[in-house]
Structure formats: structure tokens, C-alpha cells
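Reader: I am new to this structure and would like to understand the terms used for it. Could you take me through them, setting each value against its definition?

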Amino acid sequence: MKVRNVACVLLASVILQVILPNVVGLYEALRIQFALIAVVHFSLHEDWFRSAMIGVAGGLMVDLFSGGRIGVYALSYAIIGMVVGRAQERVFKDNFLAIAAVIVGASFLSSILVFNVLALYGIKMDYLGLFAKSVLPSAAANAIVGCTVFSISRRIQDARSRIWRGSHW
Amino acid sequence: MSGKRRRIAIVVTFVAIFVFLSLPWSVSRSVKGVVTGLFTPLFSVCRSVTDKLSEIWKVTFHGDNIVRENLRKERELLELRLKLAQEREKIRELSSLHSQLEEVAEGGFEVILARVIGREPDSWYQTLLIDRGAKDGVKNGVAVVHGENLVGRVIEVGGRWSRVRLILDVGSAVSAVTGNGDVPGIVIGSGPGELKMTLIRHNARVKVNDVVVTTHLSPVLTQEAPLPPGLVIGKIVGVSQEEEGLYQSALLESKVDFRHLSEVLAVVPK
């Protein structure tokens, strides 16, 4: 996968993440993490090292647009990229339930990592309350959007491979 | 890349992340300011497009094109209410002759209308981006309101943009008093959509439905600039009394619909 394409997708995801809650105000604590979905998507197709690097890039972009310190999401997404990149060979990518499970797992892991990093800076939150109000609905939304993205991406890939085969037959 | 080199690269990357994390807040803020400034025009364009679409939708299906007019009226009303609140505050505190209060009362405020062009990408922080900045007269620390209700405080200012920390954010702390002005406390964000008034004297009489408003005093702990007095923060919906504690706390509910904020007002001291 070309670095430029990955960077463009990550940037577009973060911009969408900033703009969308402004347009569609469904529920204050619900945030669809497009950047996280993109990181998981790429990590399921790359090795652990590239996945970690993609995670760092995606996380840094989120950090730059967020109200907190730089590095919180970079650290979180790098670890997620590395974990998903390591486990990608064991994930059956044709099964949407498996993909949804990976995205939900990544959302939970991200929340735990961010929560702990913020706690190190003295920002105390009620994790269980936040989990019920924000993390859980956001993870469910991420899974739905993530599976849709996977489905679209697979169709595009199929169409491209059909065109490629047609031109080489 | 060989396995050893990869491991070294990963270690270097993580060290770099920890360096970023330990950067002073001012450095972090200025780096982010540059990036936010670059993308503000894009956010503004997106906002204009969605506003136009929503206007077309409203005019076509609801015939509702008086929203903007209402906002103008709201602005005028707010200016009058602010003046009134200042006068009340002046009368209440006249005996103590606070020099700070005099300054606020004589200075007055300028109200700047701003559009919300972006939100926090995740729900850990509660901030929003507005399309007015230093060039429009917005300053760091000023109050941002919707109607007469407090929305938050400006924490970062760029040329044509500002970042507002909502009162719901866990890092937010606002000096407050109950409507009749005799029970002081600090209002903090305590999770998504929740507001809590803390440090209320143990023997103070607070009850459900009491309105909580801002006061001119700034929280000593946060050392933030004082807000204009009399802005409504919320209504008390629950009080928790601790038997042996020194303080009591109250849960508040704001009138502001934070999900659908499209335009806000920045209240800048003159």
C-alpha cells in the first residue's frame, strides 16, 4: 500500500471525525472513530511493524486536532496497530463478525490506553460511567461503520482485480 | 528492513511519542495551533455547505427561515441581560467595594457571534472549534455562551479560529453561585454530559431546581480569568450530602443542547 494513499485516507478520516459530530448530533458522547477504523483496516492487511507506524501516524493526526496533549492517541493507536498487525493472520477477513469483533476490541483497548495516559496527567474520570455512556455506544457505531467500510473496500478491490484480469487475458 | 532494525525503529518511535507527551503544554498548544489554523478554512467551508443545505431543507420542508433573526435578537437580549446582571452584582457587593467588581462593571462587554466549525474527534475531551479568533477580538479565557447560558471558555486562540473548552469537560472549573447569590461553589465537568457543583459549604442550603450562575471570582485552583457574572450554568437536579464531609456537591443540568450548537457568542471584556 502506498504511503501517500494511507496518509490521505488517515487525514480524510480525522477531518471527517472533526466535522461529522458538528453536522449530525445524534448523542453527545457518541463519536465514530474513523481514524481508528482506518488504522484497523490497514493493520489487517499489513505486518505488525507497518501497522504500528500507520497507528502512530493516525494517532498523531487525531492528537493535532484534539484539545489534549500530543502523543496520547499516537501511543494508543500505535499499540492497537501493533496488536492487530500481529493478530491479522489469525483473523478470518471474509467474516464480518470477526472484523466487527476486532474493531470493538480495538475501541475498548484504545479507551483503556487513553484513560490510563490521562490518569498519569492527573485527569481523573469515572471509567465505568464513561464506558457505559461513551465507549460502548462508540464501539458499536465503530463496528457498524467499520464493517461497511470493509465491505465497500472489498468490492472496490474485487472490481479492480476483475478489470486487471480482463486486461491481461 | 531486518527484524533487528525494525525493533530499533519501534523503540525510537515510542521514545519519540513519550517525548511528545512530555512536551510543555504551551509547546504542544502552539504546534496544534499551526495545524488547526491550516485546516480552519476547510472546516469553515464544510460548515457553510452544511448550513446552506440545512437552510434549504428548512425553507423547503418547514418554511423556517427565522432562525438567524432569532439569533440576532438573542444577542441583543444577552447584552441587556449582561448589563442587568452586572448592575445586580454591583448592588450586592457594594458594601465590600471589590475593586475587581468595579472594573468589570465599568468595563462592559462586547459580544461576538461565531459559528461552530468543528468538534473534538473523540469523547475524552469536550471542546469545539469556532470561526472567530484574535483578529476578530476573541481573547484567551473569555466566556462563550448560547443565549444567556454558559457554553464554555476559550482555551486556544488563532488568527481566525478559537478552541472552546465546554463546561462539560473534565478539565473545566467555573466559579459559581446559586441564583440568590449566597451559596458559592465550583462547577466542574464530570463526564460526558454531566455537570457537578462542588465545594459547597456543608451547612449551605441548596435544593433541587436552584439556578446556578457564574460569579466574577475566578477559581483559585485553576487560576483562570474571571467570567462575566450572571451567566446561567444550569439548574440543580440532585444534591449529595456527606455526613462527615466538609462540603456537599450538586448535580447540574444545563439548558444548552451541546449536540446541536451551531452558533455561539463570545463575551469579550471591553
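Reader: What is the bridge partner of B:Val213 in β10(B), and what makes β9 and β10 of chain B a pair?

Author: In β10(B), B:Val213 has B:Val232 as its bridge partner. Strands here are DSSP runs of E of at least two residues, helices are runs of H or I of at least four, and both are numbered from the N terminus. Two strands pair if DSSP finds at least two bridges between them; β9 (residues 211-214) and β10 (residues 232-240) of chain B are joined by three bridges in the antiparallel sense, and therefore they meet the definition. This is a predicted model, in which local features need pLDDT of at least 70 and side-chain atom pairs count only at pLDDT 80 or more, while totals for chains, interfaces and linings use all residues. Residues are numbered from 1 along each chain as its sequence is written, and chains are lettered from A and ligands numbered from 1 in the order in which they are written.

Reader: Which strand is joined to β10(B) by five bridges?

Author: That strand is β11 (residues 247-253) of chain B, which runs antiparallel to β10(B), and in β11(B) the residue opposite B:Ile236 is B:Leu252.

Reader: Why is β6 of chain B called largely enclosed?

Author: A residue is buried if 20 or more other C-beta atoms lie within 10 Å of its own, exposed if 12 or fewer, and partly exposed in between, with C-beta atoms placed from the backbone. Six of the six residues of β6 (residues 173-178) of chain B are buried, so the strand is largely enclosed by the rest of the structure. Both of its faces are covered, with B:Ala173, B:Ser175 and B:Val177 on one side and B:Val174, B:Ala176 and B:Thr178 on the other. β6(B) pairs with β7 (residues 184-189) of chain B over five bridges in the antiparallel sense, and three bridges join β6(B) to β9(B), also antiparallel. B:Ala176 stands opposite B:Gly185 in β7(B) and opposite B:Thr214 in β9(B).

Reader: How do you know whether B:Arg132, B:Leu199 and B:Asn209 are buried, partly exposed or exposed?

Author: B:Arg132 has 24 other C-beta atoms within 10 Å, and therefore counts as buried. B:Arg132 is found in the loop between β2 (127-130) and β3 (143-146) of chain B. Leaving out residues up to four places away in sequence, B:Arg132 touches B:Ile112, B:Ala114, B:Val138, B:Ser162 and B:Ala266, where a contact means that two C-beta atoms, placed from the backbone, lie within 7 Å. B:Leu199, in strand β8 (residues 195-201) of chain B, has 18 C-beta neighbours inside 10 Å and so counts as partly exposed. B:Asn209, in the loop between β8 and β9 of chain B, has 8 such neighbours and so counts as exposed. Phi is positive in B:Leu199, near 55°, and in B:Asn209, about 80°, although neither is a glycine.

Reader: Why are α1(A) and α2(A) called roughly antiparallel?

Author: Axes are lines fitted to C-alpha atoms, for helices over the stretch in contact, and angles run from 0 to 180 degrees between N-to-C directions. Angles under 35 degrees count as roughly parallel, over 145 as roughly antiparallel, 65 to 115 as roughly perpendicular and the rest as oblique. Helix α1 (residues 3-23) and helix α2 (residues 34-43) of chain A pack at about 155°, with their axes 7 Å apart, and therefore they are roughly antiparallel. Among the residues that meet are A:Val6 and A:Leu10 in α1(A) and A:Phe34 and A:Ala38 in α2(A). As for burial, ten of the ten residues of α2(A) are buried.

Reader: What makes a set of residues a nonpolar core, and which residues touch the most other members of the largest one?

Author: A nonpolar core is a set of buried Ala, Val, Leu, Ile, Met, Phe, Trp, Tyr and Cys residues joined through C-beta atoms within 7 Å. The largest has 102 residues, of which B:Val145, B:Val151, B:Val187 and B:Ile233 touch the most other members. Its largest share, eleven residues, comes from helix α3 (residues 48-65) of chain A.

Reader: How many residues of chain B are in contact with chain A?

Author: 37 residues of chain B are in contact with 38 residues of chain A, and α2(B) gives the largest share of the chain B side, ten residues.
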